[in-house]
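This report walks through selected features of one protein structure, taking the residues and their surroundings in turn. Please keep the sequence and the model in view while reading.

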Amino acid sequence: MAVYTEVSQTDLAAFLAEYDIGPARALKGIAEGVENSNFLLTTPVGAFILTLYEKRVDEESLPFFLGLMNHLAARKITCPEPVRMRSGAALGRLMGRPAAIVTFLEGVCRDRPSSADCAELGATLARLHLAAADFKGARANALGVEAWGPLFAPVAARADGLRPGLKAAISAELAFLEANWPSGLPRGIIHADLFPDNALFLGDLLSGVIDFYFACVDFLAYDLAICLNAWCFEPDGALDVSRARAMFEAYRALRPLTGEEAAALPTLARGAALRFALTRLVDWLNVPPGALVTPKNPLEYVGKLEFLQRVRGARELGLGA
(Lines give C-alpha, C1' and ligand atoms only; values in the text may rest on other atoms or scores of the structure.)
Protein backbone atom coordinates (compact mmCIF):
# COMPACT_ATOMS: atom_id res chain seq x y z
CA MET A 1 0.00 0.00 0.00
CA ALA A 2 1.40 3.40 -1.00
CA VAL A 3 1.13 5.16 2.34
CA TYR A 4 4.34 6.61 3.74
CA THR A 5 2.67 9.00 6.16
CA GLU A 6 -0.32 8.12 8.31
CA VAL A 7 -2.87 10.85 8.96
CA SER A 8 -4.29 11.48 12.42
CA GLN A 9 -7.99 12.20 12.85
CA THR A 10 -7.25 15.49 14.60
CA ASP A 11 -4.97 16.78 11.86
CA LEU A 12 -7.33 15.62 9.13
CA ALA A 13 -10.26 17.41 10.76
CA ALA A 14 -8.28 20.66 10.97
CA PHE A 15 -7.20 20.31 7.34
CA LEU A 16 -10.74 19.66 6.06
CA ALA A 17 -12.05 22.64 8.03
CA GLU A 18 -10.38 24.79 5.34
CA TYR A 19 -12.69 23.30 2.67
CA ASP A 20 -16.40 23.29 1.95
CA ILE A 21 -16.71 19.53 1.53
CA GLY A 22 -17.63 18.64 5.10
CA PRO A 23 -15.90 16.40 7.64
CA ALA A 24 -14.36 13.02 6.86
CA ARG A 25 -16.63 10.00 6.95
CA ALA A 26 -13.86 7.61 5.96
CA LEU A 27 -10.20 7.70 4.96
CA LYS A 28 -8.63 4.65 3.33
CA GLY A 29 -5.11 4.19 2.00
CA ILE A 30 -4.91 3.43 -1.73
CA ALA A 31 -2.97 0.36 -2.75
CA GLU A 32 -1.49 1.74 -5.99
CA GLY A 33 1.47 3.98 -6.61
CA VAL A 34 4.82 4.24 -4.87
CA GLU A 35 5.64 7.94 -4.87
CA ASN A 36 3.13 9.67 -2.58
CA SER A 37 0.73 8.85 0.25
CA ASN A 38 -2.73 8.52 -1.31
CA PHE A 39 -6.07 8.09 0.39
CA LEU A 40 -9.66 7.68 -0.66
CA LEU A 41 -11.49 10.34 1.30
CA THR A 42 -15.25 10.22 1.79
CA THR A 43 -17.22 13.21 3.11
CA PRO A 44 -20.95 14.09 3.10
CA VAL A 45 -20.38 15.68 -0.34
CA GLY A 46 -18.90 12.55 -1.95
CA ALA A 47 -15.60 10.83 -2.65
CA PHE A 48 -12.23 12.52 -3.20
CA ILE A 49 -8.54 11.64 -3.39
CA LEU A 50 -6.27 13.10 -0.71
CA THR A 51 -2.58 13.12 -1.59
CA LEU A 52 0.37 13.89 0.67
CA TYR A 53 3.37 14.60 -1.55
CA GLU A 54 6.56 12.78 -0.66
CA LYS A 55 9.86 11.52 -2.02
CA ARG A 56 10.71 12.74 -5.54
CA VAL A 57 7.97 15.35 -5.86
CA ASP A 58 9.45 18.84 -5.71
CA GLU A 59 7.07 21.12 -3.80
CA GLU A 60 7.82 23.94 -6.21
CA SER A 61 6.40 21.80 -9.06
CA LEU A 62 3.03 21.23 -7.41
CA PRO A 63 1.35 24.37 -8.85
CA PHE A 64 2.38 23.11 -12.31
CA PHE A 65 0.76 19.70 -11.76
CA LEU A 66 -2.44 21.13 -10.29
CA GLY A 67 -2.68 23.83 -12.96
CA LEU A 68 -2.16 21.25 -15.71
CA MET A 69 -5.06 19.16 -14.42
CA ASN A 70 -7.32 22.22 -14.46
CA HIS A 71 -6.17 23.06 -17.99
CA LEU A 72 -6.76 19.55 -19.33
CA ALA A 73 -10.15 19.21 -17.66
CA ALA A 74 -11.23 22.48 -19.30
CA ARG A 75 -10.30 20.92 -22.66
CA LYS A 76 -12.40 17.80 -22.08
CA ILE A 77 -9.60 15.50 -20.97
CA THR A 78 -11.18 13.60 -18.09
CA CYS A 79 -8.76 13.88 -15.20
CA PRO A 80 -8.93 14.77 -11.50
CA GLU A 81 -9.59 18.42 -10.74
CA PRO A 82 -8.09 20.08 -7.67
CA VAL A 83 -10.57 21.04 -4.95
CA ARG A 84 -9.88 24.53 -3.69
CA MET A 85 -9.95 25.72 -0.13
CA ARG A 86 -12.16 28.63 0.91
CA SER A 87 -9.08 30.81 0.47
CA GLY A 88 -8.86 29.79 -3.19
CA ALA A 89 -5.65 27.80 -2.69
CA ALA A 90 -5.44 24.29 -4.17
CA LEU A 91 -2.45 23.28 -2.06
CA GLY A 92 -2.20 23.03 1.72
CA ARG A 93 -0.16 21.18 4.32
CA LEU A 94 -1.05 18.09 6.32
CA MET A 95 1.20 16.11 8.65
CA GLY A 96 4.04 18.45 7.73
CA ARG A 97 3.75 17.66 4.02
CA PRO A 98 2.26 19.46 1.03
CA ALA A 99 -1.23 18.08 0.46
CA ALA A 100 -4.10 18.46 -1.98
CA ILE A 101 -7.57 17.08 -2.52
CA VAL A 102 -8.73 16.24 -6.04
CA THR A 103 -12.00 14.93 -7.42
CA PHE A 104 -12.57 11.18 -7.56
CA LEU A 105 -13.06 9.56 -10.98
CA GLU A 106 -15.20 6.49 -11.55
CA GLY A 107 -13.68 3.58 -13.42
CA VAL A 108 -11.46 0.53 -13.14
CA CYS A 109 -7.93 -0.17 -14.28
CA ARG A 110 -7.06 -2.97 -16.70
CA ASP A 111 -4.84 -5.71 -15.31
CA ARG A 112 -4.35 -7.24 -18.78
CA PRO A 113 -5.00 -4.61 -21.47
CA SER A 114 -6.37 -5.81 -24.80
CA SER A 115 -5.60 -4.42 -28.25
CA ALA A 116 -8.84 -2.42 -28.02
CA ASP A 117 -7.72 -1.00 -24.66
CA CYS A 118 -4.37 -0.03 -26.18
CA ALA A 119 -6.15 1.72 -29.04
CA GLU A 120 -8.15 3.69 -26.46
CA LEU A 121 -4.88 4.56 -24.74
CA GLY A 122 -3.21 5.72 -27.95
CA ALA A 123 -6.08 8.02 -28.84
CA THR A 124 -6.28 9.39 -25.30
CA LEU A 125 -2.54 10.07 -25.19
CA ALA A 126 -2.69 11.94 -28.49
CA ARG A 127 -5.63 14.03 -27.27
CA LEU A 128 -3.75 14.78 -24.06
CA HIS A 129 -0.66 15.93 -25.96
CA LEU A 130 -2.77 18.17 -28.21
CA ALA A 131 -4.81 19.59 -25.33
CA ALA A 132 -1.68 20.45 -23.34
CA ALA A 133 -0.01 22.24 -26.24
CA ASP A 134 -1.22 25.69 -25.14
CA PHE A 135 -0.68 25.21 -21.41
CA LYS A 136 1.50 28.08 -20.20
CA GLY A 137 3.32 26.19 -17.46
CA ALA A 138 6.61 24.37 -17.97
CA ARG A 139 8.59 21.84 -15.98
CA ALA A 140 11.80 20.08 -16.96
CA ASN A 141 11.89 16.29 -16.76
CA ALA A 142 13.62 15.66 -13.44
CA LEU A 143 13.98 11.99 -14.41
CA GLY A 144 15.28 12.52 -17.94
CA VAL A 145 18.41 10.99 -19.43
CA GLU A 146 20.71 13.39 -17.57
CA ALA A 147 19.35 12.15 -14.22
CA TRP A 148 19.80 8.41 -14.76
CA GLY A 149 23.50 8.22 -13.97
CA PRO A 150 23.23 10.21 -10.73
CA LEU A 151 20.14 8.17 -9.79
CA PHE A 152 22.02 4.90 -10.23
CA ALA A 153 25.29 5.91 -8.58
CA PRO A 154 24.19 5.63 -4.91
CA VAL A 155 22.74 2.11 -5.38
CA ALA A 156 25.14 0.71 -7.99
CA ALA A 157 27.24 -1.19 -5.45
CA ARG A 158 24.14 -3.08 -4.26
CA ALA A 159 22.66 -3.86 -7.69
CA ASP A 160 24.37 -7.24 -8.03
CA GLY A 161 22.64 -8.34 -4.83
CA LEU A 162 19.40 -8.30 -6.78
CA ARG A 163 20.89 -10.10 -9.81
CA PRO A 164 24.52 -10.92 -10.54
CA GLY A 165 25.94 -8.72 -13.28
CA LEU A 166 23.20 -6.10 -13.00
CA LYS A 167 25.60 -3.27 -12.14
CA ALA A 168 27.66 -3.82 -15.30
CA ALA A 169 24.56 -4.23 -17.47
CA ILE A 170 23.01 -0.98 -16.28
CA SER A 171 26.31 0.88 -16.56
CA ALA A 172 26.70 -0.25 -20.17
CA GLU A 173 23.15 0.80 -21.04
CA LEU A 174 23.66 4.20 -19.41
CA ALA A 175 26.73 4.76 -21.57
CA PHE A 176 24.82 3.73 -24.72
CA LEU A 177 21.85 5.98 -24.05
CA GLU A 178 23.93 8.98 -23.04
CA ALA A 179 25.80 8.66 -26.36
CA ASN A 180 22.77 7.94 -28.54
CA TRP A 181 19.86 9.84 -27.01
CA PRO A 182 17.92 11.66 -29.75
CA SER A 183 17.76 15.41 -30.15
CA GLY A 184 15.48 17.78 -32.00
CA LEU A 185 12.29 15.73 -31.72
CA PRO A 186 8.92 17.46 -31.18
CA ARG A 187 8.51 18.44 -27.55
CA GLY A 188 5.56 19.23 -25.36
CA ILE A 189 3.96 18.37 -22.06
CA ILE A 190 3.89 14.62 -21.42
CA HIS A 191 2.24 12.55 -18.71
CA ALA A 192 5.45 10.49 -18.24
CA ASP A 193 3.79 7.83 -16.07
CA LEU A 194 0.70 6.62 -17.95
CA PHE A 195 0.75 3.03 -16.73
CA PRO A 196 -2.42 0.90 -16.76
CA ASP A 197 -3.03 1.74 -13.11
CA ASN A 198 -3.23 5.43 -14.08
CA ALA A 199 -5.95 4.90 -16.70
CA LEU A 200 -9.58 4.25 -15.79
CA PHE A 201 -12.09 2.39 -17.94
CA LEU A 202 -15.87 2.37 -17.90
CA GLY A 203 -16.92 -0.54 -20.08
CA ASP A 204 -14.87 -0.44 -23.28
CA LEU A 205 -13.99 3.25 -23.04
CA LEU A 206 -10.98 4.83 -21.36
CA SER A 207 -12.85 7.21 -19.10
CA GLY A 208 -10.11 9.06 -17.25
CA VAL A 209 -6.39 9.63 -16.68
CA ILE A 210 -4.95 10.12 -13.20
CA ASP A 211 -1.63 10.78 -11.42
CA PHE A 212 0.02 13.66 -13.23
CA TYR A 213 2.87 14.03 -10.74
CA PHE A 214 5.63 13.20 -13.22
CA ALA A 215 4.22 15.42 -15.99
CA CYS A 216 6.88 17.56 -17.65
CA VAL A 217 8.14 18.91 -20.95
CA ASP A 218 9.98 16.30 -23.00
CA PHE A 219 9.81 14.49 -26.34
CA LEU A 220 6.19 13.60 -27.10
CA ALA A 221 7.34 10.29 -28.59
CA TYR A 222 9.05 9.44 -25.28
CA ASP A 223 5.60 9.41 -23.67
CA LEU A 224 4.50 6.95 -26.35
CA ALA A 225 7.56 4.80 -25.60
CA ILE A 226 6.69 4.76 -21.89
CA CYS A 227 3.20 3.54 -22.79
CA LEU A 228 4.57 0.91 -25.17
CA ASN A 229 6.58 -0.62 -22.34
CA ALA A 230 3.79 -0.35 -19.79
CA TRP A 231 0.86 -1.58 -21.89
CA CYS A 232 2.14 -3.87 -24.64
CA PHE A 233 4.34 -6.49 -22.98
CA GLU A 234 3.26 -9.93 -21.78
CA PRO A 235 4.08 -11.09 -18.23
CA ASP A 236 6.86 -13.30 -19.68
CA GLY A 237 8.59 -10.22 -21.14
CA ALA A 238 7.53 -10.70 -24.77
CA LEU A 239 6.11 -7.80 -26.75
CA ASP A 240 2.51 -8.17 -27.97
CA VAL A 241 2.91 -6.52 -31.36
CA SER A 242 -0.84 -6.44 -32.00
CA ARG A 243 -1.38 -4.31 -28.90
CA ALA A 244 1.51 -2.04 -29.84
CA ARG A 245 0.20 -1.62 -33.37
CA ALA A 246 -3.27 -0.73 -32.10
CA MET A 247 -1.80 1.90 -29.77
CA PHE A 248 0.41 3.45 -32.46
CA GLU A 249 -2.32 3.56 -35.10
CA ALA A 250 -4.81 5.23 -32.77
CA TYR A 251 -2.23 7.78 -31.67
CA ARG A 252 -1.08 8.58 -35.21
CA ALA A 253 -4.65 9.05 -36.40
CA LEU A 254 -4.84 12.14 -34.19
CA ARG A 255 -1.20 13.22 -34.03
CA PRO A 256 0.99 11.88 -36.85
CA LEU A 257 4.58 11.03 -35.94
CA THR A 258 7.47 12.54 -37.85
CA GLY A 259 9.97 10.24 -39.54
CA GLU A 260 12.54 11.24 -36.94
CA GLU A 261 10.20 10.26 -34.11
CA ALA A 262 9.53 6.87 -35.66
CA ALA A 263 13.23 6.20 -36.18
CA ALA A 264 14.02 7.18 -32.59
CA LEU A 265 11.33 5.01 -31.02
CA PRO A 266 13.53 1.96 -30.24
CA THR A 267 16.05 4.16 -28.42
CA LEU A 268 13.32 6.05 -26.61
CA ALA A 269 11.79 2.74 -25.50
CA ARG A 270 15.16 1.59 -24.17
CA GLY A 271 15.46 4.83 -22.23
CA ALA A 272 11.95 4.47 -20.84
CA ALA A 273 12.72 0.91 -19.74
CA LEU A 274 15.94 1.98 -18.04
CA ARG A 275 14.29 4.93 -16.30
CA PHE A 276 11.68 2.72 -14.63
CA ALA A 277 14.17 -0.03 -13.89
CA LEU A 278 16.30 2.53 -12.06
CA THR A 279 13.55 4.16 -10.03
CA ARG A 280 12.21 0.75 -9.09
CA LEU A 281 15.71 -0.35 -8.10
CA VAL A 282 16.14 2.69 -5.87
CA ASP A 283 12.75 2.08 -4.27
CA TRP A 284 13.43 -1.64 -3.86
CA LEU A 285 16.65 -0.97 -1.99
CA ASN A 286 15.41 1.99 0.08
CA VAL A 287 11.96 1.29 1.49
CA PRO A 288 11.54 3.53 4.57
CA PRO A 289 11.05 1.56 7.81
CA GLY A 290 7.38 1.19 8.65
CA ALA A 291 6.10 2.47 5.29
CA LEU A 292 2.95 0.76 4.05
CA VAL A 293 4.26 0.35 0.52
CA THR A 294 5.05 -2.62 -1.69
CA PRO A 295 7.91 -1.70 -4.05
CA LYS A 296 7.74 -2.97 -7.62
CA ASN A 297 10.36 -5.42 -8.82
CA PRO A 298 12.92 -3.63 -11.02
CA LEU A 299 13.75 -6.87 -12.85
CA GLU A 300 10.47 -6.63 -14.78
CA TYR A 301 11.83 -3.56 -16.54
CA VAL A 302 15.33 -4.99 -16.82
CA GLY A 303 13.74 -7.82 -18.80
CA LYS A 304 11.91 -5.37 -21.07
CA LEU A 305 15.16 -3.49 -21.60
CA GLU A 306 16.94 -6.68 -22.63
CA PHE A 307 14.22 -7.35 -25.20
CA LEU A 308 14.45 -3.81 -26.55
CA GLN A 309 18.22 -4.02 -26.86
CA ARG A 310 17.67 -6.67 -29.55
CA VAL A 311 15.25 -4.51 -31.58
CA ARG A 312 16.70 -3.07 -34.75
CA GLY A 313 13.87 -0.86 -35.96
CA ALA A 314 10.46 0.57 -35.15
CA ARG A 315 8.70 -2.01 -37.35
CA GLU A 316 9.72 -4.70 -34.88
CA LEU A 317 7.78 -2.72 -32.24
CA GLY A 318 4.60 -2.61 -34.33
CA LEU A 319 5.06 0.83 -35.84
CA GLY A 320 4.33 0.57 -39.58
CA ALA A 321 5.22 3.03 -42.29
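## A threonine in helix 9

Thr 267 counts as buried because its relative accessibility is 16%, where buried means under 20% relative accessible area, exposed means over 50% and partly exposed lies in between, computed with a 1.4 Å probe on protein chains only. Thr 267 has its place in helix 9, residues 259-285; helices (H or I, at least four residues) and strands (E, at least two) are DSSP runs, numbered from the N terminus. Leaving aside residues up to four places away in sequence, Thr 267 touches Leu 177, Asn 180, Trp 181 and Pro 182, a contact being heavy atoms within 4.5 Å.

## Basis of the model

This is a predicted model, in which local features need pLDDT of at least 70 and side-chain atom pairs count only at pLDDT 80 or more, while totals for chains, interfaces and linings use all residues. Residues are numbered from 1 along each chain as its sequence is written, and side-chain values use heavy atoms, with hydrogens and water left out.

Ser 61 is placed in the loop between strand 3 (46-52) and helix 2 (62-74), and with 9% relative accessibility it counts as buried. The side chain of Ser 61 is joined to that of Arg 139 by a polar contact of 3.1 Å (a pair of N or O atoms within 3.5 Å; within protein, one must be able to donate a hydrogen and the other to accept it, and residues adjacent in sequence count only if both atoms are side-chain atoms).

Helix 2 has 13 residues and spans 19 Å from its first C-alpha to its last, close to the expected 18 Å, where the expected span is 1.5 Å times one less than the number of residues. Its buried residues include Leu 62, Phe 64, Phe 65 and Met 69, and the elements that cover the buried residues of helix 2 include strand 5 (97-103), helix 3 (115-131), strand 6 (187-190) and strand 9 (216-219). After helix 2 comes Lys 76, which has a positive phi near 70°.

## Aromatic rings

Across the whole structure, a search finds 12 aromatic pairs; rings of Phe, Tyr and Trp (its six-membered ring) pair if their centres lie within 6.5 Å, and planes under 30 degrees apart count as stacked, over 60 as edge-to-face and the rest as tilted. The rings of Phe 15 and Tyr 19, with centres 5.4 Å apart and planes at 55°, therefore form a tilted pair, and both of these residues are buried. Phe 64 and Phe 65 make an edge-to-face pair, at 5.8 Å centre to centre and 70° between the planes. Phe 64 is buried at a relative accessible area of 9%, and Phe 65 is buried at 0% relative accessibility. Tyr 53, Phe 64, Phe 65, Phe 135 and Tyr 213 form one aromatic cluster.

Charged groups also meet rings: Arg 110 lies over the face of Phe 201, 4.3 Å from the ring centre, and the charged end of Arg 270 sits over the ring of Phe 176, 3.8 Å from its centre. A charge sits over a ring if NZ of Lys or CZ of Arg is within 6 Å of the ring centre and within 35 degrees of the ring normal.

## Cysteines

The search of the whole structure finds 0 disulfides, a disulfide being a pair of cysteine sulfur atoms within 2.5 Å. The sulfur of Cys 79 is 15 Å from the closest cysteine sulfur, in Cys 109, which is too far for a bond. Cys 79 is buried, with a relative accessible area of 4%.
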